[in-house]
Amino acid sequence: MRLSTYNFLTSKAIKGVKVGFPLKLTIAKKDVVESEFNATFIERLLPRLDWPAIRLAAEIADLADDIPSEQPANIAENEELLKKLHHLLLEIDVLEGQLECPETGRVFPITDGIPNMLLNEDEV
Amino acid sequence: MASIKLKKLEEYLHGVDSFEKPKIKLEQYITPPHIASCVLYNIQTLYGDIEGKYVGDLGCGSGMLSIGSFLLGAGMTTGFEIDGDALNTFQYNVTEMELPGIDCVLCDVLALPKCGKWGNAFDTIVTNPPFGTKNNCGIDMLFVQTGISMASGAVYSFHKSSTRDYIRKKVKDWHVKGNVVAELKYNIDTSYSFHKSKSVDINVDFWRFDVTEKDI
């Protein structure tokens with residue numbers, strides 16, 4: 001699971017959950033998959049990012065020094081930060097771990113890089 | 001313009017492993033590599049909807065459309081699939097082909113709009129939905145509806161040609177412009193043992209939905 005995907009995952013589909021975001025991420029095993037840096041693509045993703053959530057993800061992935069706690073202005077002109085975002089969002093691959101609903105504590109396992117967001121019938 | 005030649009794309013897609021044991025209830029069959037490469041190539045060359053874009057694949061199965069989109073230069077692709085076995089094959093394919101920007105989520109596609117965050121997350125959504133022939137009539141349009149909520153640019157989908165008029169009317173209600181990009185013949189031959197005749201040809205439309213003015 002890439003952290004760009006994590007940025008969009010919620011547990012809101014669970015009955016009674018109001019926001020379900022951000023999910024509490026635990027990383028047991030991760031990999032780094034190098035990919036070509038495309039500044040335009042990262043800029044394209046920017047407005048869709050939830051900054052506090054990706055900052056949280058950076059802390060959990062031991063990359064807190066790369067990502068400022070507040071979203072800086074004019075990121076598009078800051079190539080160094082764009083490259084760090086690229087690394088955080090597209091290159092870190094969470095292979096084993098879990099996502100936890102902040103409201104109910106329901107755990108969604110991440111196995112072989114696949115987050116399992118399926119819910120049982122009695123949960124929806 | 002496309003970053004890869006059509007012939008090369010098809011060659012790569014022939015290397016995508018299919019479902020090990022297709023599940024009838026989920027109407028699983030792989031998008032044929034020839035069809036996948038042709039339609040994806042056209043999405044890029046006619047509309048520029050893949051290169052540098054964030055592409056989502058609903059009901060991605062073992063990853064034919066996700067992998068094809070990435071090979072055509074998508075910035076990132078995320079596939080969504082309800083069947084864990086299919087996703088294991090998806091991951092196997094992605095690892096085997098050493099492709100970096102492809103991700104997947106095990107989930108119920110039709111529950112995605114309820115999750116709140118996926119709305120307009122993608123530039124482009126591609127989907128080869130179940131056609132709704134196994135007591136799940138209308139599921140193909142539920143996939144499209146979900147896709148429309150998740151895309152800011154365009155949604156591409158396959159449907160039986162017999163449903164063309166219905167789809168035209170349906171998307172008009174959502175302020176979405178739909179047009180048939182290609183008419184295809186699907187040959188679903190050996191996927192299921194209950195297909196008694198050797199091969200079954202069905203007429204399929206490949207649709208493009210422009211969602212930039214959607215009201216959904």
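Predicted model: local features only at pLDDT ≥ 70, side-chain atom pairs only at ≥ 80, totals over all residues.
Helix H4 of chain A covers residues 79-91. It has 13 residues, and from its first C-alpha to its last it reaches 17 Å. At 1.5 Å a residue, 18 Å would be expected, so the two values are close.

Chain B gives 28 residues to it, and chain A gives 28 residues. Together the two chains bury about 2300 Å², with 60% of that on carbon and sulfur atoms. On the chain B side, the residues that lose the most area to chain A are B:Pro100, B:Leu106 and B:Lys117. Those three together make up 25% of what that side buries.

One residue of chain A is worth a look here. A:Thr5 sits in helix H1 of chain A, residues 3-6. Is A:Thr5 buried or exposed? Its relative accessibility is 0%, so it counts as buried. Leaving aside residues up to four places away in sequence, A:Thr5 touches B:Tyr54, B:Met76, B:Thr78, B:Asp103, B:Val105 and B:Trp118.

Next, chain B, and helix H5, residues 139-150. Its 12 residues should span 16 Å at 1.5 Å a residue, and its end C-alpha atoms are 17 Å apart, which agrees. Of those 12 residues, 9 are buried, so H5(B) is largely enclosed by the rest of the structure. Among the buried ones are B:Ile139, B:Asp140, B:Phe143 and B:Met150. The cover over them includes strands S1 (54-58), S2 (76-81), S4 (122-127), S5 (151-160) and S7 (201-210) of chain B, along with helix H6 (164-173).

Last, a pair of helices in chain B. Which angle do the axes of H1(B) and H3(B) cross at? Roughly 145°, and the axes come within 10 Å. The crossing is right-handed. H1(B) makes the contact through B:Leu9, B:Tyr12 and B:Leu13, while H3(B) uses B:Met64, B:Ile67, B:Gly68 and B:Leu71. By type, the residues of this contact are 6 nonpolar, 1 polar and no charged.

That is the end of the talk.

Methods
Residues numbered from 1 in each chain as written. Chains lettered and ligands numbered in written order. Heavy atoms only, no water. Helix = DSSP H or I, 4+ residues; strand = E, 2+ residues; numbered from the N terminus. Expected span 1.5 Å × (residues − 1). Buried < 20%, exposed > 50% of the residue type's maximum accessible area, 1.4 Å probe, protein only. Contact = heavy atoms within 4.5 Å. Axes fitted to C-alpha atoms, helices over the stretch in contact; angles between N-to-C directions. Left-handed = near helix turned anticlockwise from the far one by under 90°. Nonpolar A, V, L, I, M, F, W, Y, C, P; charged D, E, K, R; others polar. Buried area = accessible area lost by both parts, 1.4 Å probe.
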